[in-house]
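Let's take a walk through this model, starting with a pocket and ending at a sheet.

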Amino acid sequence: VQSDLAATLTRFAERGADGFYQGETAARIAAHMQRDGGFIVEDDLKAYAPVERAPVRTVYRGHEVISMGPPSSGGVAMIQMLNMLSAYDVAEFGFGSSDYIHLLTEVMRRAYADRGRWLGDPDFYGVPVEGLISEAYARERGRTVDLERVSELGPGVPPGAPESDDTTHFSIIDRDGNAVSCTTTINSTFGSCCVADGCGFFLNNEMDDFSAKPGVPNQFGLIGGKANAIAPGKRMLSSMTPTIVCKDGELRYVIGAPGGGRIITAVMQVLLNLVDHEMSLKRAVEAPRVHHQWLPDHIQWEALALPADVRRALAAKGHRFRAQPRGIALVFAAELQPDGTRVGVADGRSGGAAAAY
(Lines give C-alpha, C1' and ligand atoms only; values in the text may rest on other atoms or scores of the structure.)
Protein backbone atom coordinates (compact mmCIF):
# COMPACT_ATOMS: atom_id res chain seq x y z
CA VAL A 1 0.00 0.00 0.00
CA GLN A 2 1.66 3.23 -1.18
CA SER A 3 0.14 5.64 1.33
CA ASP A 4 2.53 8.55 0.59
CA LEU A 5 1.78 8.41 -3.13
CA ALA A 6 -1.94 8.09 -2.42
CA ALA A 7 -1.81 11.26 -0.30
CA THR A 8 0.09 13.10 -3.07
CA LEU A 9 -2.49 12.06 -5.67
CA THR A 10 -5.33 13.07 -3.37
CA ARG A 11 -3.87 16.56 -2.96
CA PHE A 12 -3.52 16.79 -6.73
CA ALA A 13 -7.09 15.58 -7.29
CA GLU A 14 -8.49 18.10 -4.82
CA ARG A 15 -6.48 21.18 -5.83
CA GLY A 16 -5.23 20.47 -9.36
CA ALA A 17 -1.77 21.81 -10.22
CA ASP A 18 -1.74 23.88 -7.02
CA GLY A 19 -1.97 20.63 -5.09
CA PHE A 20 1.41 19.63 -6.47
CA TYR A 21 3.40 22.79 -7.18
CA GLN A 22 2.25 24.51 -4.01
CA GLY A 23 1.23 23.45 -0.51
CA GLU A 24 2.30 20.30 1.27
CA THR A 25 3.70 18.40 -1.73
CA ALA A 26 5.86 21.35 -2.80
CA ALA A 27 7.05 21.86 0.77
CA ARG A 28 8.04 18.20 1.04
CA ILE A 29 9.98 18.31 -2.26
CA ALA A 30 11.79 21.49 -1.23
CA ALA A 31 12.65 20.10 2.21
CA HIS A 32 14.01 16.95 0.59
CA MET A 33 16.18 19.08 -1.70
CA GLN A 34 17.50 21.16 1.17
CA ARG A 35 18.39 18.06 3.16
CA ASP A 36 20.30 16.43 0.28
CA GLY A 37 22.06 19.55 -1.03
CA GLY A 38 19.74 20.19 -3.97
CA PHE A 39 18.82 23.58 -5.39
CA ILE A 40 15.03 23.56 -5.86
CA VAL A 41 13.03 25.72 -3.42
CA GLU A 42 9.28 26.23 -3.05
CA ASP A 43 9.34 29.41 -5.19
CA ASP A 44 10.82 27.42 -8.09
CA LEU A 45 7.94 24.96 -7.97
CA LYS A 46 5.35 27.71 -7.60
CA ALA A 47 6.76 29.56 -10.62
CA TYR A 48 6.68 26.51 -12.90
CA ALA A 49 4.19 26.57 -15.78
CA PRO A 50 3.89 24.40 -18.89
CA VAL A 51 4.49 26.04 -22.25
CA GLU A 52 2.33 25.22 -25.27
CA ARG A 53 4.29 25.20 -28.52
CA ALA A 54 3.33 24.65 -32.13
CA PRO A 55 4.10 21.17 -33.47
CA VAL A 56 6.42 20.68 -36.43
CA ARG A 57 5.04 19.24 -39.65
CA THR A 58 6.01 17.82 -43.00
CA VAL A 59 4.45 15.74 -45.77
CA TYR A 60 6.17 12.45 -46.57
CA ARG A 61 4.89 10.63 -49.66
CA GLY A 62 1.40 12.02 -49.20
CA HIS A 63 1.31 11.43 -45.43
CA GLU A 64 1.12 14.46 -43.14
CA VAL A 65 3.55 13.91 -40.27
CA ILE A 66 2.97 15.98 -37.11
CA SER A 67 5.42 15.80 -34.22
CA MET A 68 6.94 17.57 -31.23
CA GLY A 69 9.15 20.63 -31.68
CA PRO A 70 11.91 22.00 -29.43
CA PRO A 71 12.87 21.74 -26.68
CA SER A 72 12.52 18.13 -27.83
CA SER A 73 14.80 17.35 -30.74
CA GLY A 74 12.70 14.40 -31.86
CA GLY A 75 10.26 15.97 -34.29
CA VAL A 76 12.83 18.23 -35.96
CA ALA A 77 15.41 15.46 -36.41
CA MET A 78 12.85 12.95 -37.69
CA ILE A 79 11.42 15.43 -40.19
CA GLN A 80 14.92 16.30 -41.36
CA MET A 81 15.58 12.64 -42.04
CA LEU A 82 12.26 12.09 -43.78
CA ASN A 83 12.81 15.15 -45.96
CA MET A 84 16.24 13.85 -47.02
CA LEU A 85 14.86 10.37 -47.68
CA SER A 86 12.03 11.73 -49.82
CA ALA A 87 14.55 12.20 -52.64
CA TYR A 88 15.02 8.41 -52.84
CA ASP A 89 12.80 5.48 -53.79
CA VAL A 90 13.36 3.90 -50.39
CA ALA A 91 11.37 0.77 -51.20
CA GLU A 92 13.65 0.01 -54.15
CA PHE A 93 16.63 -0.35 -51.82
CA GLY A 94 14.94 -3.34 -50.13
CA PHE A 95 14.34 -3.54 -46.40
CA GLY A 96 17.46 -4.58 -44.50
CA SER A 97 19.84 -4.43 -47.47
CA SER A 98 23.30 -2.92 -47.06
CA ASP A 99 22.38 -0.08 -49.43
CA TYR A 100 19.23 0.65 -47.42
CA ILE A 101 21.05 0.68 -44.07
CA HIS A 102 23.87 2.79 -45.53
CA LEU A 103 21.35 5.38 -46.74
CA LEU A 104 19.54 5.40 -43.39
CA THR A 105 22.69 5.79 -41.32
CA GLU A 106 24.08 8.56 -43.53
CA VAL A 107 20.81 10.47 -43.12
CA MET A 108 20.84 9.79 -39.36
CA ARG A 109 24.41 11.09 -39.03
CA ARG A 110 23.47 14.39 -40.65
CA ALA A 111 20.38 14.91 -38.51
CA TYR A 112 22.22 14.12 -35.26
CA ALA A 113 25.13 16.40 -36.17
CA ASP A 114 22.62 19.22 -36.58
CA ARG A 115 20.89 18.16 -33.36
CA GLY A 116 24.09 18.60 -31.39
CA ARG A 117 24.79 22.02 -32.89
CA TRP A 118 21.43 23.74 -33.25
CA LEU A 119 18.80 22.32 -30.92
CA GLY A 120 17.93 23.51 -27.42
CA ASP A 121 15.20 25.40 -25.56
CA PRO A 122 13.90 28.06 -28.00
CA ASP A 123 13.14 30.39 -25.10
CA PHE A 124 16.88 30.69 -24.52
CA TYR A 125 18.46 30.05 -27.92
CA GLY A 126 17.52 31.00 -31.45
CA VAL A 127 16.75 27.50 -32.69
CA PRO A 128 16.31 27.67 -36.51
CA VAL A 129 13.38 25.24 -36.56
CA GLU A 130 11.87 26.28 -39.90
CA GLY A 131 15.27 26.17 -41.57
CA LEU A 132 16.11 22.74 -40.18
CA ILE A 133 12.84 21.18 -41.38
CA SER A 134 12.70 22.98 -44.73
CA GLU A 135 12.76 20.90 -47.90
CA ALA A 136 15.43 23.16 -49.37
CA TYR A 137 17.79 22.48 -46.46
CA ALA A 138 17.08 18.75 -46.72
CA ARG A 139 18.07 18.84 -50.39
CA GLU A 140 21.27 20.69 -49.50
CA ARG A 141 22.19 18.21 -46.75
CA GLY A 142 21.09 15.23 -48.81
CA ARG A 143 23.28 16.16 -51.76
CA THR A 144 26.34 15.29 -49.66
CA VAL A 145 25.24 11.66 -49.22
CA ASP A 146 27.51 9.26 -51.13
CA LEU A 147 25.71 5.98 -51.74
CA GLU A 148 29.03 4.14 -52.00
CA ARG A 149 31.03 5.52 -49.09
CA VAL A 150 30.72 6.91 -45.58
CA SER A 151 31.20 10.67 -45.87
CA GLU A 152 33.01 13.08 -43.58
CA LEU A 153 30.59 15.58 -42.09
CA GLY A 154 29.81 18.08 -39.38
CA PRO A 155 26.73 20.14 -38.57
CA GLY A 156 25.16 22.06 -41.44
CA VAL A 157 24.03 25.68 -41.47
CA PRO A 158 20.23 25.77 -41.85
CA PRO A 159 18.36 28.90 -43.00
CA GLY A 160 17.72 31.19 -40.05
CA ALA A 161 20.59 29.77 -38.00
CA PRO A 162 21.90 32.27 -35.43
CA GLU A 163 25.51 33.28 -35.79
CA SER A 164 27.92 32.21 -33.56
CA ASP A 165 16.51 4.64 -19.74
CA ASP A 166 13.01 4.97 -18.72
CA THR A 167 10.62 6.99 -20.64
CA THR A 168 6.92 6.12 -21.05
CA HIS A 169 4.88 6.51 -24.22
CA PHE A 170 1.16 6.20 -24.93
CA SER A 171 -0.40 6.09 -28.41
CA ILE A 172 -4.18 6.46 -28.11
CA ILE A 173 -7.13 6.59 -30.49
CA ASP A 174 -10.60 6.98 -28.96
CA ARG A 175 -13.99 5.92 -30.28
CA ASP A 176 -14.44 9.27 -32.05
CA GLY A 177 -11.10 9.11 -33.83
CA ASN A 178 -9.34 11.62 -31.58
CA ALA A 179 -5.65 10.82 -31.19
CA VAL A 180 -3.04 11.45 -28.52
CA SER A 181 0.69 10.71 -28.79
CA CYS A 182 2.24 11.31 -25.35
CA THR A 183 5.81 10.75 -24.14
CA THR A 184 6.85 11.42 -20.53
CA THR A 185 10.09 10.64 -18.73
CA ILE A 186 12.18 10.83 -15.57
CA ASN A 187 15.25 10.10 -17.77
CA SER A 188 17.37 7.24 -16.34
CA THR A 189 16.13 4.16 -14.54
CA PHE A 190 14.67 5.48 -11.26
CA GLY A 191 15.66 9.03 -12.27
CA SER A 192 17.90 10.48 -9.57
CA CYS A 193 17.21 7.37 -7.43
CA CYS A 194 15.68 9.66 -4.79
CA VAL A 195 12.08 9.46 -3.59
CA ALA A 196 10.71 12.85 -2.55
CA ASP A 197 10.16 12.60 1.20
CA GLY A 198 6.57 11.70 2.02
CA CYS A 199 5.45 12.08 -1.65
CA GLY A 200 5.85 8.57 -3.02
CA PHE A 201 7.47 9.40 -6.39
CA PHE A 202 10.99 9.51 -7.82
CA LEU A 203 12.77 12.76 -8.67
CA ASN A 204 14.13 12.86 -12.22
CA ASN A 205 17.72 13.33 -13.36
CA GLU A 206 16.87 15.34 -16.47
CA MET A 207 19.86 17.65 -15.87
CA ASP A 208 21.86 15.02 -17.77
CA ASP A 209 19.98 16.07 -20.92
CA PHE A 210 21.74 19.44 -20.81
CA SER A 211 25.21 19.82 -22.31
CA ALA A 212 27.21 20.07 -19.10
CA LYS A 213 30.32 20.80 -21.17
CA PRO A 214 30.56 21.28 -24.98
CA GLY A 215 31.70 18.11 -26.70
CA VAL A 216 31.26 15.88 -23.63
CA PRO A 217 28.64 13.16 -24.16
CA ASN A 218 25.74 12.55 -21.79
CA GLN A 219 24.67 9.11 -20.56
CA PHE A 220 23.23 8.30 -23.99
CA GLY A 221 26.45 9.27 -25.76
CA LEU A 222 24.81 12.37 -27.26
CA ILE A 223 26.95 15.43 -27.91
CA GLY A 224 25.67 18.97 -27.39
CA GLY A 225 26.93 22.52 -27.41
CA LYS A 226 26.07 26.10 -26.52
CA ALA A 227 22.45 25.81 -27.67
CA ASN A 228 21.77 23.26 -24.93
CA ALA A 229 24.01 24.69 -22.18
CA ILE A 230 22.63 24.85 -18.64
CA ALA A 231 20.92 28.11 -17.63
CA PRO A 232 18.42 29.09 -14.90
CA GLY A 233 14.82 28.48 -15.89
CA LYS A 234 15.84 26.72 -19.11
CA ARG A 235 14.34 23.48 -20.38
CA MET A 236 16.80 20.81 -21.43
CA LEU A 237 16.86 19.15 -24.86
CA SER A 238 15.14 15.79 -25.13
CA SER A 239 14.71 13.12 -27.81
CA MET A 240 10.97 12.58 -27.33
CA THR A 241 9.22 12.06 -30.67
CA PRO A 242 5.45 11.70 -30.10
CA THR A 243 4.03 11.63 -33.63
CA ILE A 244 0.65 11.61 -35.38
CA VAL A 245 0.39 10.67 -39.07
CA CYS A 246 -2.54 11.54 -41.35
CA LYS A 247 -3.34 10.54 -44.94
CA ASP A 248 -5.71 12.60 -47.11
CA GLY A 249 -6.74 14.58 -44.05
CA GLU A 250 -7.67 11.49 -42.04
CA LEU A 251 -5.89 10.01 -39.05
CA ARG A 252 -3.81 6.89 -39.81
CA TYR A 253 -1.10 6.32 -37.19
CA VAL A 254 -0.10 7.37 -33.68
CA ILE A 255 3.52 6.51 -32.87
CA GLY A 256 6.08 7.12 -30.13
CA ALA A 257 8.71 5.45 -27.99
CA PRO A 258 10.98 5.51 -24.97
CA GLY A 259 14.68 4.91 -25.57
CA GLY A 260 16.78 8.03 -25.05
CA GLY A 261 18.59 9.28 -28.14
CA ARG A 262 17.47 6.21 -30.09
CA ILE A 263 13.80 7.24 -29.94
CA ILE A 264 14.05 9.47 -33.01
CA THR A 265 15.48 6.91 -35.42
CA ALA A 266 13.20 4.15 -34.12
CA VAL A 267 10.03 6.17 -34.77
CA MET A 268 11.33 7.16 -38.20
CA GLN A 269 12.11 3.55 -39.18
CA VAL A 270 8.64 2.38 -38.13
CA LEU A 271 7.17 5.15 -40.29
CA LEU A 272 9.34 4.08 -43.24
CA ASN A 273 8.26 0.48 -42.73
CA LEU A 274 4.61 1.54 -42.92
CA VAL A 275 4.81 4.00 -45.81
CA ASP A 276 7.66 2.76 -47.99
CA HIS A 277 7.80 -0.96 -47.20
CA GLU A 278 4.02 -1.35 -46.80
CA MET A 279 4.32 -3.48 -43.68
CA SER A 280 1.50 -4.14 -41.24
CA LEU A 281 1.71 -2.12 -38.05
CA LYS A 282 2.86 -5.14 -36.04
CA ARG A 283 5.57 -6.06 -38.52
CA ALA A 284 6.66 -2.42 -38.82
CA VAL A 285 7.19 -2.19 -35.06
CA GLU A 286 8.83 -5.60 -34.65
CA ALA A 287 11.26 -5.32 -37.61
CA PRO A 288 14.94 -5.05 -36.57
CA ARG A 289 16.35 -1.52 -36.42
CA VAL A 290 19.65 0.35 -36.72
CA HIS A 291 20.77 3.66 -35.24
CA HIS A 292 23.47 6.24 -35.91
CA GLN A 293 23.82 9.46 -33.92
CA TRP A 294 26.93 11.01 -35.52
CA LEU A 295 29.08 10.47 -32.43
CA PRO A 296 30.20 7.89 -31.50
CA ASP A 297 30.79 7.27 -35.20
CA HIS A 298 29.48 3.74 -35.50
CA ILE A 299 26.27 1.94 -36.42
CA GLN A 300 24.29 0.64 -33.47
CA TRP A 301 22.30 -2.41 -34.44
CA GLU A 302 19.80 -4.96 -33.22
CA ALA A 303 20.23 -8.68 -33.58
CA LEU A 304 19.06 -9.75 -37.08
CA ALA A 305 19.45 -6.19 -38.43
CA LEU A 306 22.87 -6.81 -40.00
CA PRO A 307 23.25 -10.23 -41.68
CA ALA A 308 26.84 -11.09 -42.56
CA ASP A 309 26.60 -10.08 -46.23
CA VAL A 310 24.99 -6.74 -45.33
CA ARG A 311 27.65 -6.05 -42.71
CA ARG A 312 30.48 -6.83 -45.15
CA ALA A 313 28.99 -4.53 -47.76
CA LEU A 314 28.58 -1.71 -45.22
CA ALA A 315 32.16 -2.20 -43.99
CA ALA A 316 33.34 -1.89 -47.60
CA LYS A 317 31.64 1.51 -47.71
CA GLY A 318 33.58 2.60 -44.65
CA HIS A 319 31.08 1.97 -41.84
CA ARG A 320 32.07 0.95 -38.34
CA PHE A 321 29.88 -0.96 -35.90
CA ARG A 322 29.14 -1.09 -32.21
CA ALA A 323 30.81 -4.17 -30.77
CA GLN A 324 27.58 -5.79 -29.60
CA PRO A 325 23.93 -5.50 -30.68
CA ARG A 326 21.53 -3.52 -28.53
CA GLY A 327 17.86 -2.65 -28.47
CA ILE A 328 16.89 0.44 -30.49
CA ALA A 329 14.06 1.98 -28.41
CA LEU A 330 10.59 0.57 -27.66
CA VAL A 331 7.86 1.69 -30.04
CA PHE A 332 4.17 1.84 -29.12
CA ALA A 333 1.77 2.57 -31.96
CA ALA A 334 -1.89 2.65 -32.89
CA GLU A 335 -3.53 2.62 -36.32
CA LEU A 336 -6.92 3.78 -37.53
CA GLN A 337 -7.58 1.79 -40.71
CA PRO A 338 -9.77 3.25 -43.49
CA ASP A 339 -12.68 0.96 -42.53
CA GLY A 340 -12.57 2.25 -38.92
CA THR A 341 -10.73 -0.73 -37.44
CA ARG A 342 -8.35 0.20 -34.61
CA VAL A 343 -5.05 -1.65 -34.28
CA GLY A 344 -2.70 -1.29 -31.32
CA VAL A 345 0.84 -2.66 -31.12
CA ALA A 346 3.16 -2.73 -28.10
CA ASP A 347 6.80 -3.36 -29.00
CA GLY A 348 7.81 -6.94 -28.29
CA ARG A 349 11.13 -5.59 -26.97
CA SER A 350 9.21 -4.15 -24.01
CA GLY A 351 6.98 -5.29 -21.19
CA GLY A 352 4.18 -3.06 -22.45
CA ALA A 353 0.86 -4.05 -23.92
CA ALA A 354 -1.88 -2.87 -26.24
CA ALA A 355 -5.44 -2.69 -24.92
CA ALA A 356 -8.90 -1.64 -26.13
CA TYR A 357 -11.92 -0.56 -24.08
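The second largest pocket holds about 610 Å³ of space. A pocket here is an open set of points on a 1 Å grid over the protein atoms alone, where a 1.4 Å probe fits and protein lies on both sides within 12 Å along at least five of seven lines; the volume is the space filled by probe spheres set on the points. Keep in mind that this is a predicted model, where local features need pLDDT of at least 70, side-chain atom pairs count only at pLDDT 80 or more, and totals for linings use all residues. Residues are numbered from 1 along each chain, and hydrogens and water are left out of side-chain values.

What lines the pocket? There are 22 lining residues, and Ser171, Ile172, Ile173, Ala355 and Ala356 are the closest to the centre; lining means having an atom within 4 Å of a point. The lining splits into 14 nonpolar, 4 polar (Gly counts here) and 4 charged residues. Strands E3 (167-173), E9 and E10 each give it at least two residues.

Now for the sheet. It is open and antiparallel, with 6 strands in the order E1-E2-E5-E6-E9-E10. Strands are DSSP runs of at least two residues, helices of at least four, and two strands pair if at least two bridges join them. E1 (56-60) and E10 (342-346) sit at the edges with a single partner strand each, so one side of each has no neighbour in the sheet. Further in, E6 (250-256) and E9 (332-336) pair over 4 bridges, and Val254 has Ala334 as its bridge partner in E9.
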